[in-house]
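Please look over the protein shown below, together with its sequence, before reading the report that follows.

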Amino acid sequence: MADDARADRPESSPAGDARAEGLAGDGSEGIPVIALDASALMAPVEADLRLFEELDRLLGGYEVVVPAAVIAELDGLQGGNGAAATAASVGADLAERAETVATNESYADDALVALAAAGRVDGVVTVDGPLANRVLAADAPVIGLRGRNTLAITEP
C-alpha cells in the first residue's frame with residue numbers, strides 16, 4: 001500500500017498477516033511484543049472473546065506485556081460489585097500470563113501509548129476506541145475486535 005493511502009485511514013489486515021505487516025517483532029526470536037489493555041483483558045467476560053486463542057490464531061508466536069498501570073486499574077475495578085468487577089477479576093488472572101512492565105505513566109492508557117510511541121511494543125491489544133486512536137496516532141498497530149468476538153489488526 002502506498003504511504004499516502006496509509007495516512008488517509010487505518011487499514012485492517014486479515015488474520016495471519018501480522019507477521020508480514022507492522023507486527024514483525026523485536027522480541028526474542030523476532031516475534032512481536034504486544035501490550036494488553038484492561039479492556040482486552042476484560043473482554044473474555046464482556047465480549048465472550050477467547051483472548052489468547054484469538055492472539056494465537058492472529059499472530060502465531062508473540063510475547064505479551066502488561067503495564068503496571070493496567071494491573072492497578074484492574075485491581076481497582078475488582079473492588080466493586082457486578083459484571084465489571086467479575087470481568088476485572090478474570091482480567092487480572094489473565095494478566096498473570098504476561099510480563100508486567102514499568103512505565104513513568106500512572107494512567108493505564110498513557111502507559112500503553114508511551115510503550116507504543118517509544119517502540120517498546122510492536123502493537124497494543126484493546127477494545128477501547130479512543131485508546132486505539134491514540135495508539136494509531138503514535139504510529140503503532142492496534143489489535144481489536146472485529147465482529148462479535150474476533151480480533152484483527154489495524155495498521156496506522
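## Terms and overall make-up

Helices and strands are taken here as DSSP runs, numbered from the N terminus, and two strands count as paired if DSSP finds at least two bridges between them. With that in hand, strand 6 and strand 7 can be described as a hairpin with three residues between them, and glycine 147 in the turn has a positive phi of about 75°.

The model is predicted. The protein chain holds seven helices and seven strands, and from the N terminus on these elements follow the order α-β-β-α-α-β-α-α-β-α-β-α-β-β. Of its 156 residues, 44% count as buried, while the accessible surface comes to about 7,500 Å², of which 46% belongs to carbon and sulfur atoms. Among contacts between residues at least 6 apart in sequence, 66% join residues at least 24 apart.

## Confidence

The average pLDDT of the protein chain is 86, and 81% of the residues score at least 70. Over residues 1-22, however, the pLDDT is below 50, although this stretch has 35 contacts in the model beyond near neighbours in sequence.

## Strands 2, 3 and 4

Strand 3 pairs in the parallel sense with strand 2 (residues 33-36) over three bridges, and isoleucine 34 stands opposite valine 64 in strand 3. Three bridges also join strand 3 to strand 4 (residues 99-101), and these two run parallel; here the bridge partner of valine 65 is glutamate 99 in strand 4.

Is strand 3 largely enclosed or left open by the rest of the structure? Four of its five residues are buried, so strand 3 is largely enclosed, where buried means under 20% relative accessible area.

## Helix 5 and its cover

Helix 5 (residues 83-95) has 13 residues and reaches 18 Å from its first C-alpha to its last, close to the 18 Å expected at 1.5 Å a residue. Its buried residues are Ala85, Ala87, Ala88, Gly91, Ala92, Leu94 and Ala95, and what covers them includes helix 2 (38-46), helix 3 (51-59), strand 3 (63-67) and helix 4 (68-78).

Threonine 86 is also found in helix 5, but this residue counts as partly exposed because its relative accessibility is 45%, between the limits of 20% for buried and 50% for exposed. Threonine 86 and glutamate 46 are 40 residues apart in sequence, and 9.4 Å separates them in space, C-alpha to C-alpha.

Strand 5 (residues 123-125) and strand 6 (residues 142-146) pair in the parallel sense over two bridges, with valine 125 standing opposite isoleucine 143 in strand 6. Between these two strands the chain crosses through helix 7 (residues 129-137), and this β-α-β crossover is right-handed. Strand 6 also pairs with strand 7 (residues 150-155), in the antiparallel sense and over five bridges; in this pairing leucine 145 stands opposite leucine 151 in strand 7.

Threonine 126 lies in the loop between strand 5 and helix 7, and because its relative accessibility is 3%, it counts as buried. Leaving aside neighbours within four places in sequence, threonine 126 is in contact with Asp37, Ser39, Ala40, Leu131, Ala132, Val142, Ile143, Gly144 and Leu145. The C-alpha atoms of threonine 126 and aspartate 109 are 9.9 Å apart in space, with the two residues 17 apart in sequence.

Why does glutamate 54 count as buried? The residue belongs to helix 3, and glutamate 54 is classed as buried because its relative accessibility is 13%, which falls under the 20% limit. Not counting residues up to four places away in sequence, glutamate 54 touches Leu49, Asn149, Thr150 and Leu151; Leu151 is the residue of strand 7 that stands opposite leucine 145.

Arginine 50 sits in the loop between helix 2 and helix 3, and with a relative accessible area of 55% this residue is exposed, the limit for that class being over 50%. Although arginine 50 and asparagine 149 are 99 residues apart along the chain, their C-alpha atoms are separated by 7.7 Å, and asparagine 149 is also one of the residues that glutamate 54 touches.

Methods:
Residues numbered from 1 in each chain as written. Predicted model: local features only at pLDDT ≥ 70, side-chain atom pairs only at ≥ 80, totals over all residues. Heavy atoms only, no water. Buried < 20%, exposed > 50% of the residue type's maximum accessible area, 1.4 Å probe, protein only. Contact = heavy atoms within 4.5 Å. Areas by Shrake-Rupley, 256 points an atom, 1.4 Å probe, with all protein chains shown as cover. pLDDT = per-residue confidence, 0-100. Expected span 1.5 Å × (residues − 1). Right-handed = clockwise from strand over helix to strand, strands pointing away.
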